[in-house]
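Here are a few friendly notes to read alongside the model. Each point takes up one topic.

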Amino acid sequence: MRSRDGNRTFLRRFLFITLLSSLALNASEYLISYRYVVKDSALYNETLYVSKAMKKCDGKEQESIFLNTDKEKSLKKIITNNFEEFIYYIHKLGLHINHKDKTINLEHTSTSILTLKTTCFKVDINDNLAKITPLK
Amino acid sequence: MKYSLLIVALLSTSSLLSAFELFNPFGDSEDSETTKMTSTPTLQTHPVQIADTPTIEPVNMRPNKNLLTQTQRVRVSVIGQGVSPTQTASPAQAYALAKRAAIADGYRLIAEKVKGVRVEGQDLIQNMMIKRSFIRTSVNAMVKNANIIETTFKDGLCEVEMEIVLSYVDFSL
């Protein structure tokens, strides 16, 4: 049979672990990749993939971006609501460009592909703001 | 009579000698030297220079001098162009899509300026005519920290002025 003091310490430990786990759950990691294709100076295709990381990412934290959540909990919805701002931020992070030009019998065609390779982001979602930090 | 015959003989020998000298290419006279020079031309080592025309020195494509120093920064500025697709839901969408295309063009121009372009060309000529002309260029680079300075949108064409500042630290790590 446990004493009263023993139960109290057990309760304290339980509460502490619950608090820590809840904080850890708030800061989750996501994998984001972005790619768009421009053909003959017009946007042809654009894709943005967001998925939760299945294992812990390594790397140093880079410059963060803060987005308004509007009480949304899903990162996909938060990014969709602030799409232009997020895309501008991704451009600043750095994109890989692959451009190809063809001129056959003086007829010109061009294709540019800009890509953000799959990058791990640490995401903290609070009531009003979502802090998104790339790990590299 | 004897004297006349002697004079005729002397005249004929002198005329024969003169004729031999005229047609002899390897004679010792100055005229024969000029004919020798023209008959066997040699390659001239010195370039032909036109009066008052400076000679052009070959351009060194890879100067030894470093463009980036620890105290100096290089600013690269470009203007990217993009057009909106023919079918868009609204003018705002057209603007957004054209701007995205213009940014991609700006990134490409920055990459071309900083890293360079790979160019391949091929011409097929048959019967003294070009049958097929083929030029292919490609750029592969990673561009980060490019800034948008100004954006203009007029008649479906979006122009984005972009710049990137290169410093020694970016490449020394």
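1. In which sense do strand S4 (residues 95-104) of chain A and S3(B) pair, and over how many bridges? They pair in the antiparallel sense, over ten bridges. Strands count as paired if DSSP finds at least two bridges between them. Within S3(B), B:Asn140 is the bridge partner of A:Asn98.

2. A word on the model, which is predicted: local features need pLDDT of at least 70, side-chain atom pairs count only at pLDDT 80 or more, and totals for chains, interfaces and linings use all residues. Residues are numbered from 1 along each chain as its sequence is written, while chains are lettered from A and ligands numbered from 1 in the order in which they are written.

3. The contact draws 27 residues from chain B and 23 residues from chain A; residues are in contact if their C-beta atoms, placed from the backbone, lie within 7 Å. On the side of chain B that touches chain A, strand S1 (73-83), helix H3 (91-114) and strand S3 (129-143) each supply at least two residues. S3(B) gives the most, with twelve residues.

4. Chain A has three helices and six strands, these being DSSP runs numbered from the N terminus (helices H or I, at least four residues; strands E, at least two). Their order from the N terminus is α-β-β-β-α-α-β-β-β.

5. Of the 136 residues in chain A, 16% are buried, meaning that 20 or more other C-beta atoms lie within 10 Å of the residue's own, with C-beta atoms placed from the backbone.

Technical notes: Contact = placed C-beta atoms within 7 Å. Buried ≥ 20, exposed ≤ 12 C-beta atoms within 10 Å, placed from the backbone.
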